[in-house]
Every structure is written in C-alpha cells, then in structure tokens.
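Keep the structure open as you read.

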Amino acid sequence: MTTFVLATANPHKKVEMESVLSALNINVLPRPSDVPDVDETEDTLEGNALLKARALADATGHAAVADDTGLFVDALDGAPGVISARYAGVGASDEENVVKLLSMLSGVAAPRTARFRTVICVAYPDGTSLSVEGVMEGSIGAEAKGSNGFGYDPVFLPSHAGGKTLAEMTLEEKNATSHRGNALRSLAEALEKR
Ligand code: IMP
C-alpha cells in the first residue's frame, strides 16, 4: 500500500485530504513533529507548495503532500496573492487581513472581481513531483458578512451564489465548489492516472 505524509498540521485540511487519499487506498501519515517548518520563500503558490512537499519527502523517505492557497484580486494586480496569510503583517489575524483588504479596495466600484487558487503538490522520494490546482471565481463585497469559515470568507462572494458570502454558507455548500474542493478532486484524478 502506498504511504503519503501530510505537510499540513491544520486539522480541518487533514480531514479533507485524508478522505480523498484513503478512498484511493493510500495510507496517510501525519507530519512528524521533528521536521521543522519550511519558510515559504517562493513567489508562487506552486513554488511554495513544492518547497513544503519536497522538504517532507526528503526528511521521511515517503511521498509527501502540501498545499498553498491565495486570494487574487484583479483591482489590486493580484494582491494579496501568495502573502494572503500575512497581508496585514506577519502574525496578522484573519480580521486584520480583511480590514486591510477592504481599505485597499475603498473607492473601487463593484464587482471587485477576485479568485481563490489552491495548489496541491505531491513530492515523491525519487525526486519527481506532481501539482494540481483548484480555483473559485467571485468578487469582494463591500463589508464582512456571515460567521462560518475562516480567512477572507466573510468578504468573498462566489459567482453564482446569489450574493451570499462564503461565511454565510455551510461547509458542505462551500466545499462543493471551493478552490480546495476542486484541487482535491483534481488530485484524486491525477493520482488515479499515475
Ligand atoms: P493557506 O495556504 O491554506 O494557509 O492559506 C493562506 C491564506 O489564504 C490563509 O491564511 C487565509 O487567509 C486565506 N485562505 C485560504 N483558504 C481560504 C478559504 O477557504 N477561505 C478564506 N480564506 C482562505
């Protein structure tokens, strides 16, 4: 049976990844606590996901899976992009990042089009790797609405969601069309073909 190590320590992402991988008969191991975190020094999601997966594959000798996500806003030339987690500064809270995003967009007329992108990378011990991506198109609302989810969910209005933000949706509704859900579905397809 193939074994994959997960780079993420986020419990919510672990559950999502485990359910996809175990359906493909892949045994999933958690990130070993003695492997240090990797600095995300690349300027693309692909680069950072590969850095994280490769470090873990080299350290464990198993195939390793890592993901990286960003929010790309057209009126801001793609910002916050790869620095979405630290847009308002290193260690910024989700709320501080949302406040900064709304202030950067003040005066920009609707629709303020944007998309979430998730890249998932698998690095193999033989030095090869594969990457897949998932996208969700939408726009940034005028104010934060809803209390579900995390990150930029309260200001992200998915296209075709009738004006609801992601934070006003259930997790099931979000996952059915989300960037991470789409990336996981592509991962399952890519692994089946390999
Ligand atoms: P990560 O690569 O998954 O850690 O995501 C980087 C940053 O993007 C997070 O800190 C969040 O601010 C944001 N983000 C990622 N996924 C989502 C999402 O599904 N909804 C809202 N924000 C997200």
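Which residues of α1 are buried? This is a predicted model, and in it the buried residues of α1 are K13, E16, M17, V20 and L21. Look down the axis of α1. These buried residues fall within an arc of 120°, so they line one face of the helix. An α-helix has 3.6 residues a turn, so residues three or four places apart point the same way.

Now turn to the face directed away from the buried side of α1. That face carries the exposed residues P11, V15 and A23. What covers the buried residues? The cover includes strands β1 (3-6), β2 (27-29), β3 (63-73) and β5 (112-123). Helices α4 (171-177) and α5 (179-193) are also part of the cover.

Check the length of α1 next. Helix α1 runs over residues 11-23, which makes 13 residues. At 1.5 Å a residue, α1 should span 18 Å, and its end C-alpha atoms are 18 Å apart, so the two agree.

Then look at the ends. N10 caps the N-terminal end of α1, with a side-chain oxygen 3.1 Å from the backbone nitrogen of K13. Just after α1, N25 takes a positive phi of about 65°.

The largest pocket has a volume of about 650 Å³. Its lining has 25 residues, and K13, T69, S84, A85 and F150 lie nearest the centre. The elements giving two or more residues to this lining are β3, α3 (94-104) and α5. The largest share, 5 residues, comes from β3.

Key. Residues numbered from 1 in each chain as written. Predicted model: local features only at pLDDT ≥ 70, side-chain atom pairs only at ≥ 80, totals over all residues. Heavy atoms only, no water. Helix = DSSP H or I, 4+ residues; strand = E, 2+ residues; numbered from the N terminus. Expected span 1.5 Å × (residues − 1). Buried < 20%, exposed > 50% of the residue type's maximum accessible area, 1.4 Å probe, protein only. Arc of directions from axis to C-beta. Contact = heavy atoms within 4.5 Å. Polar contact = N/O pair within 3.5 Å; in protein donor to acceptor, adjacent residues only side chain to side chain. 1 Å grid on protein atoms, 1.4 Å probe; cavity = no way out; pocket = protein on both sides within 12 Å on 5 of 7 lines; lining within 4 Å. Points joined across faces, edges and corners; volume = space filled by probe spheres on them.
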